Amino acid sequence: TGNQPTTSTRHTPGTQPMGRTCPFSPPEGYRTLREEDPITPVTFPDGAKGWVVSRYADVRTVLADPRFGANRRRVRPGDAPDAPLAPPPPGMFIMMDGPEHTRFRRLLTGQFTVRRMQKLAPAVEQIVADQLEAMAGAEGPVDLLQAFALPIPSLVICELLGVPYEDRAEFQENSSMVLRLEASRDEVMQAQSAMNEYIHQLAVAKRAHPTDDILSGLVQSEQLTDEELAGVGSLLLLAGHETTANMIALGTMCLLENPEQLAALRSDPALMDGAVEELLRYLTIIQYGLRRVALEDVELDGHRIEAGATVLASLSSGNRDATQFPDSPDALDIHRPYRTHLAFGHGVHQCIGQQLARVEMKAALSALFDRFPTLRLAVPADQVPMRDDMLIYGVHELPVTW
Ligand code: HEM
């Protein structure tokens, strides 16, 4: 209309809300959708036709409904959005449905045991302490993402899988390539196959000499082919590395920008469990939500969703829904009474690494603020480069000093 401000908070009908006005909050358009049009038809930026679901309850309904499939891969790159789907790559169970998904999920649940997670906790604390020591030796300002947040989950997953330390730089490079929105299809495929090849070789080594880690456990179960093992291994790396790293870095920035909350947390470490849940809810780094495909025609609250349509379940919008979080959902409140949030998804695909992610976040945040009581941003908050362009939200860089 010409006289609208460019950062209009109104939602443009028929589109997926984009563009943040606050670095910690989802696009404002989601508020309008939740209030006025919670299941809305859109054309996605890639041309796919579908729906955006924005209320907490509806997000859960979609994610729990087996008539929505998790596989969105087309047979050929660049195929039309309504072209037939390609089968998921071996072991990529995050894209599988039904019994095929269940087979992998059971095997993995058997490996992510309470015993193994407890055993891992001291190793996580040691990894955190080592990174902090290295950081303390540097002259500030330091990029907290590179110096602290990225290495921690990378090293923890290496520990979990039994990957040697020397190989982690290559992982970091490959996994960030696979997740970069502007990367070409070829770059992504290349990074993906390099990762698969590496884990394949590691699995062969574990078969000959099993150790106490997930990859050895999976090898010994004798249920998976080498290709499936490689797929599962790279899925764990992809799913567990940048997610946790961004929660640590963005969580740190968010606490620094909410000094009263940080002060309360420092004065009472018992608040840490609640603070981590609240940061997960408030920041919801899977910023564009979870995409599903209707496997048949589905009737959803009076809307007819046609077979083949893409449905975007917005986790970040659902996590700001006042019906579920009645007390100022748009504020960070580490004292908030716990209510189930959507940051780890919902339904059969709900994050299998969530306990590990919590262990890592707690260890990282408490040790960081202990070690550097005067930690602060080294640039104004509005100059921190944000990951608006990535599937996983966070910071590209977090300059801090102390
Ligand atoms: C699935 C978020 C850390 C492994 C998921 C899903 C979400 C999520 C939203 C659901 C995906 C879907 O339904 O399509 C997160 C966040 C993390 C985190 C926010 C950090 C704060 C981890 C870690 C690991 C991990 C540390 C493993 C080491 C997985 C796997 C799946 C998954 C394997 C697929 C499960 C399935 O399809 O059954 N995660 N995750 N995640 N996550 Fe995480």
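Let's start with the shell around the ligand: its largest share, four residues, comes from H10. Keep in mind, everyone, that this is a predicted model. In total, 24 residues surround the ligand, and the closest are Gly240, Gly345, His349, Cys351 and Gly353.

Now to a sheet. Three strands make up an open sheet, ordered S4-S10-S9, with antiparallel pairing. The edges belong to strand S4 (142-143) and strand S9 (376-377); each has a single partner strand, so one side of each is left without a neighbour in the sheet. As a reminder, strands of a sheet pair through backbone hydrogen bonds, either parallel or antiparallel. Between S9 and strand S10, residues 399-401, the antiparallel pairing runs over two bridges. If you want to find the spot on screen, look for Arg376, whose bridge partner in S10 is Thr401.

Last stop, Leu295. You'll find Leu295 in the loop between strand S5 (290-294) and strand S6 (298-300). Leaving out residues up to four places away in sequence, Leu295 touches Arg67, Phe68, Gly69 and Ala307. For a sense of distance, take Asp143: Leu295 and Asp143 are 152 residues apart along the chain, and their C-alpha atoms are separated by 45 Å.

Terms used
Residues are numbered from 1 along each chain as its sequence is written. This is a predicted model: local features need pLDDT of at least 70, side-chain atom pairs count only at pLDDT 80 or more; totals for chains, interfaces and linings use all residues. A residue is near a molecule or strand if its C-beta atom, placed from the backbone, lies within 6 Å of it. Two residues are in contact if their C-beta atoms, placed from the backbone, lie within 7 Å. Two strands pair if DSSP finds at least two bridges between them.
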